[in-house]
Amino acid sequence: MAKVVSINVSAAKGVKKTSVSEASLIENCGIKGDAHAGSPVRQVSLLNIDDIRKTNLNAGDFAENISAEGIDLKNLPVGTRMRIGAAAVLEISQIGKKCHTRCTIYNEVGDCIMPKQGVFARVITGGRIAAGDEISVI
């Protein structure tokens, strides 16, 4: 079973995010209160917790919004929709990203796995999500 391990938010871009037990996904916006909300393409970022653990770091350290397990995120094609919890629906909008500058995370960690391992999604249907929620491809 695929599930949410951690939900992570921050008030600024390019910094580690803080884990929260639950959050609100806002349709066509992102996570309420997160610095990345409102982006047209990269509203929510996701990383596999196994990829994070390989670096000996923690959920949120790469500024991902959702740390997940049991799902091969980076191999889901753009356009794939996922339900999280009871109602929220995300659609994969981008696989990886280009890093044009060395952000705070890169400088602290010495590397960043988001460009190769991360995926980004748009919020199709908003709703409350929580750590432990099931993720299913629809």
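Predicted model: local features only at pLDDT ≥ 70, side-chain atom pairs only at ≥ 80, totals over all residues.
**The open sheet**

Three strands make up an open sheet, arranged in the order S4-S3-S10 with antiparallel pairing. Because strand S4 (30-31) and strand S10 (127-130) each have a single partner strand, they stand at the edges, and one side of each is left without a neighbour in the sheet. Strand S3, which covers residues 22-26, pairs with S4 over two bridges in the antiparallel sense, while the antiparallel pairing of S3 and S10 runs over four bridges. S3 and S4 also form a hairpin with three residues between them, and in this turn Asn-28 has a positive phi of about 55°.

The table lists residues that stand opposite each other in these pairings.

| Residue | Opposite residue | Strand of the opposite residue |
|---|---|---|
| Ile-26 | Gly-30 | S4 |
| Leu-25 | Ile-31 | S4 |
| Ala-23 | Ile-129 | S10 |

Thr-80 is found in the loop that lies between strand S6 (66-69) and strand S7 (81-84). Is Thr-80 buried or exposed? Its relative accessibility is 11%, and since buried means under 20%, Thr-80 counts as buried. The side chain of Thr-80 reaches the backbone oxygen of Pro-77 at 2.7 Å. When the neighbours within four places in sequence are left aside, the residues in contact with Thr-80 are Leu-90, Glu-91, Ile-92 and Val-137.

Methods. Residues numbered from 1 in each chain as written. Heavy atoms only, no water. Buried < 20%, exposed > 50% of the residue type's maximum accessible area, 1.4 Å probe, protein only. Polar contact = N/O pair within 3.5 Å; in protein donor to acceptor, adjacent residues only side chain to side chain. Contact = heavy atoms within 4.5 Å. Pairing = 2+ DSSP bridges.
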